Number of protein chains: 2
Amino acid sequence: MTSRSYGQFCGFARALELVGERWTLLVVRDLVLGPKRFTELRRGLPRIPTNILSARLKELEDAGVLRRRVLPRPAAGVVYELTGYGQELEDIVLRLGLWGARSLGDPRPDDIVTTDSLILALRATFLPEAAGDLRAGYQLNLGDVVVHARIDQGSLEVGEGPLAGADLVIETGPAIRALLSGEVSPGEAVQTGCVRLTGDPDLLTRFVEAFHIPPAPVALPV
Amino acid sequence: MTSRSYGQFCGFARALELVGERWTLLVVRDLVLGPKRFTELRRGLPRIPTNILSARLKELEDAGVLRRRVLPRPAAGVVYELTGYGQELEDIVLRLGLWGARSLGDPRPDDIVTTDSLILALRATFLPEAAGDLRAGYQLNLGDVVVHARIDQGSLEVGEGPLAGADLVIETGPAIRALLSGEVSPGEAVQTGCVRLTGDPDLLTRFVEAFHIPPAPVALPV
DNA sequence: CTGGATCCCTCACGATACTG
DNA sequence: CAGTATCGTGAGGGATCCAG
């Protein structure tokens, strides 16, 4: 146990002791969007060994970051949900995600995209001021992950699944990153075929204004 | 190498791949305050094995977070300094530090306090609005770590070492945490002797208003 | 003296299998 | 569905050594 301590009386070191281990913050990331079952967490973190997930959940519970809740009937089972203390990590997770997105090159062969990470990414990249008075409903299909976003005068609501009556449906792939970072313009993206639209094409321009990843710091090796 | 990947095409997972390993963010923390030599970093992280420090520095350099710079004469040697990209972690580090400070109980037997972590802690806990129109110079002695802070109408400047002509010198120990979190009032702290003052005692009240740790979320086990 | 590299040992992590 | 049990491996820990 003592091996995990950094030996410093320091809030930051303490934070790393609580949530700094491998996988831990990814569990928090997925719980930011609401309570989840063990199996749902596994689905969002396909590479995590179940014993590690068990261990992380216990550690986070001990740390006061999440709460294990036994559901009453009829939905019997167990869910894990962030405590108030855990929820305060949301802003940090979003910021760190935005920071990391700038180093995100192209996906490696086995990289996956999860619904939760995409929803978080949209929330992290959203710029209310840049959205201006935009008022539109988008559906975003990234591979087989489908999410939707409703923008209404600087407010954003993102959710899982399709959006009936979306003003624009965007079908794309990993190119989404280059699009949001400005490396590829909306026009180019459509022309090269890495983005397909159904609906008003002008709304794509508004989309990339509203959701933005700052330019990559440098060209990075794989 | 592949073992370090989380297998997700996600900015947040990418961030954890870059700076999520053990010790990594503590290195960043110490570099936030300026370029440092290998040996200075060791001093701030007494428990880090030198091979791990070497490895982390290389990884951070590859990640574009820091730069290795060979100093010209007369101060020959090598310093490590954050790149612009690395500097953008400062705000995240401060926030995470403040979050973790709320779970900081009493120091464990071998816990140390470093100058850098104390300076960062003051910057993280500073509330410009709460400082109001305060204008004062403080010297804070925590054990044998000595730092000083100058507050001037919402602006803060913190540095290492004593402050000649300080309006108040605060000598204390781990009790500083309970003081900043409001668990102990300034009056109690002075009366119980866990804080000793030299200068205007009323300035201690202004101090704990200006630097504040939100209350602990729950009582936590050691 | 700074700035590491090298060695070995250990334990946490990770993969797989299995259970209430 | 929600985990526990088992076990191998590799990253971390700690001491030591070396080059400029």
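View 1. Arg69(A) is partly exposed, at a relative accessible area of 34%; here buried means under 20% relative accessible area, exposed over 50%, and partly exposed in between (1.4 Å probe, protein chains only). This is a predicted model, in which local features need pLDDT of at least 70, side-chain atom pairs count only at pLDDT 80 or more, and totals for chains, interfaces and linings use all residues. Residues are numbered from 1 along each chain as its sequence is written, chains are lettered from A and ligands numbered from 1 in the order in which they are written, and side-chain values use heavy atoms, with hydrogens and water left out. Arg69(A) and Glu81(A) join their side chains in a salt bridge (2.8 Å, N to O). That pair links distant parts of the chain, 12 residues apart, with Arg69(A) in strand E1 and Glu81(A) in strand E2 of chain A. A salt bridge is a side-chain nitrogen of Lys or Arg within 4 Å of a carboxyl oxygen of Asp or Glu, while helices (H or I, at least four residues) and strands (E, at least two) are DSSP runs, numbered from the N terminus.

**View 2. Arg67(A) and Glu81(A).** The side chain of Arg67(A) also meets that of Glu81(A) in a salt bridge, at 3.2 Å from N to O. Arg67(A) sits in strand E1 (residues 66-71) and Glu81(A) in strand E2 (residues 77-82), 14 residues apart. Glu81(A) counts as buried because its relative accessible area is 14%, whereas Arg67(A) is partly exposed at 40%.

**View 3. Ser5(A) and its surroundings.** Look for Ser5(A) in the segment before helix H1 (11-19) of chain A. Its relative accessibility is 11%, so Ser5(A) counts as buried. The side chain of Ser5(A) reaches the backbone nitrogen of Gly7(A) at 2.9 Å. Beyond neighbours within four places in sequence, Ser5(A) is in contact (heavy atoms within 4.5 Å) with residues including Glu17(A), Arg22(B) and Asp111(B).

**View 4. The protein surface around DNA strand C.** DNA strand C is surrounded by 21 residues, the closest being Glu21(A), Arg22(A), Thr50(B), Arg68(B) and Tyr80(B); a residue is near a strand if one of its heavy atoms lies within 4 Å of it. A polar side-chain atom of Thr50(B) lies 2.6 Å from a base nitrogen, and one of Arg56(A) lies 3.2 Å from a phosphate oxygen.

Note on methods. A polar contact is a pair of N or O atoms within 3.5 Å; within protein, one must be able to donate a hydrogen and the other to accept it, and residues adjacent in sequence count only if both atoms are side-chain atoms.
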